[in-house]
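Dear colleague,

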Amino acid sequence: MKVLFVIMAVLFLPSQAQAVTQAEDVATTIMLRGHPCGGSAVSQIQEQSDSAGNRTIRATCPNGVRYQVDVSSEGRVSVKRLN
Amino acid sequence: MKFLKRPLSLVFLLSVCLFELTFAGCAKSKEAIVSEGRVVELHVVERAVEPEPVYVGELEPSEEKLVEETAVEEPRSKEKLSDLQKIEAKPPEITVEELIERLKKTEAIGFLTKLAIRADVLDFKKSVELYRKRGALKETVDTLKSRFNGLMLKIMALLERDPPLSKDIYSARESIWKSLVEAKS
């Protein structure tokens, strides 16, 4: 009886949140800023950062559009279409 | 007692006894969890809703006592039911700070997305402050509320992989709204 209870508990335990990949994260950010992406993950990710702490991420969406995501040192995120 | 001499009837009797024992064991294990969760509160509610039948008629003295005991237990079960209703009516108390901490820690949203949401929330807070300073907060409450609802929907959609947090934010949305609007600068 106890064994059965343990098996049932393991089967019905609430699963923890799965970690998202960087490709998914960038795609979500692009969509969150109102740009179409055509999928849930981007490809060809390029990252750059300057001495002031600003970050620039370039990535291609599944619909073929390439975007640039700028993250300022204050934590502001903006998205630009490149092509 | 003739049936005891037959082996088949003995087996049947034993199996019935075993079934009764396991069933009683399950009931006891259910009662053992009573103090821990709501699921078991429901079990108590079921019991309260369906009281044991009371037979009235010509009874022996010992049976009369039993009837009296069950009659006394009924109001108790009603009290229990009302107490449970009070507990269920109260929403779970989750502070805004706790939700923010959980949002920071969750792995369901990536770092960039978290930054983007943070920027949106800060913008929203700024606009609330701006309307409050102008003294036009009452006039724009409806538009601010719809913006707030949109923001909450966005966050809940992003928390698709963390349903417990999404559910808690949804249940605490009114208190978040109140804390935003009623806060004095």
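The notes below take a hairpin in chain A and then the helices of chain B.

This is a predicted model, in which local features need pLDDT of at least 70, side-chain atom pairs count only at pLDDT 80 or more, and totals for chains, interfaces and linings use all residues. Residues are numbered from 1 along each chain as its sequence is written, while chains are lettered from A and ligands numbered from 1 in the order in which they are written.

In chain A, strand S1 (residues 43-49) and strand S2 (residues 55-60) run antiparallel and are joined by 5 bridges. Strands here are DSSP runs (E, at least two residues), as helices are (H or I, at least four), numbered from the N terminus; two strands pair if DSSP finds at least two bridges between them. Gln46(A) has Arg58(A) of S2(A) as its bridge partner. The hairpin of S1(A) and S2(A) leaves 5 residues between the strands, and Gly53(A) in the turn has a positive phi of about 100°.

Chain B has 8 helices and 0 strands. Helix H6 (residues 141-158) and helix H7 (residues 163-171) of chain B pack at an angle of about 165°, with axes 9 Å apart; axes are lines fitted to C-alpha atoms over the stretch in contact, and angles run from 0 to 180 degrees between N-to-C directions. H6(B) is therefore roughly antiparallel to H7(B) (an angle over 145 degrees). The contact (C-beta atoms, placed from the backbone, within 7 Å) involves Met152(B), Ile155(B) and Met156(B) of H6(B) with Ser166(B), Ile169(B) and Tyr170(B) of H7(B).

Conventions
Parallel < 35°, antiparallel > 145°, perpendicular 65-115°, else oblique. Contact = placed C-beta atoms within 7 Å.
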